[in-house]
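I opened a new page for this chain and went through it bit by bit. These are my notes.

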Amino acid sequence: MDAAKGAWQDVSHVLGKLTKSTGKAAWIAGTAFLILLVPLIIEMDREQQLVEFENQQLGALTGPSSTTPSGTTAPVSK
């Protein structure tokens with residue numbers, strides 16, 4: 001009976017340490033994600049918005065019928 005109790009305590013101790021180290025790893029991964037990737041995602045979104053704005057401005061300057069949706073110039077019929 002003492003051997004089973006000792007084995008259970010060992011398993012409990014190992015699981016406790018595993019849970020604690022997993023929590024630390026999750027904290028490190030989450031913090032690294034926030035510090036490294038979130039600013040990158042925000043900057044990529046800003047760049048996409050700037051490109052869309054420039055395309056809108058270019059469309060307003062060139063006129064709506066002179067460009068196709070793919071961005072190439074359409075042939076002008078006379």
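Before anything else, a term: a helix here is a DSSP run of H or I with at least four residues, numbered from the N terminus. Ser-21 sits in one of these, helix H1. I also jotted down that I'm looking at a predicted model.

**Entry 1: Ser-21.** Ser-21 comes out at 38%, so it counts as partly exposed. I then checked what its side chain is close to. A polar atom of that side chain is 3.0 Å from the backbone oxygen of Leu-18.

**Entry 2: the whole chain.** I counted elements and got one helix and zero strands. The chain has 78 residues, and 1% of them are buried.

**Entry 3: along H1.** How many residues does H1 have? I got 61, running over residues 2-62. From first C-alpha to last, H1 reaches 87 Å, close to the expected 90 Å. I did find a kink in H1, though: about 35 degrees at Leu-37, shortly before the proline Pro-39. Just after H1 comes Gly-63, and I noted its positive phi of about 100 degrees.

**Entry 4: a greasy-looking spot.** Back to Leu-37, which turns up again in a nonpolar patch on the surface.

How values were computed:
Residues numbered from 1 in each chain as written. Predicted model: local features only at pLDDT ≥ 70, side-chain atom pairs only at ≥ 80, totals over all residues. Heavy atoms only, no water. Helix = DSSP H or I, 4+ residues; strand = E, 2+ residues; numbered from the N terminus. Expected span 1.5 Å × (residues − 1). Bend = angle between axes of the 7 residues up to and from the residue. Patch = residues over 30% accessible without salt bridge, like charges linked within 9 Å, V, L, I, M, F, W, Y side chains within 5 Å. Areas by Shrake-Rupley, 256 points an atom, 1.4 Å probe, with all protein chains shown as cover. Salt bridge = Lys/Arg side-chain N within 4 Å of Asp/Glu carboxyl O. Buried < 20%, exposed > 50% of the residue type's maximum accessible area, 1.4 Å probe, protein only. Polar contact = N/O pair within 3.5 Å; in protein donor to acceptor, adjacent residues only side chain to side chain.
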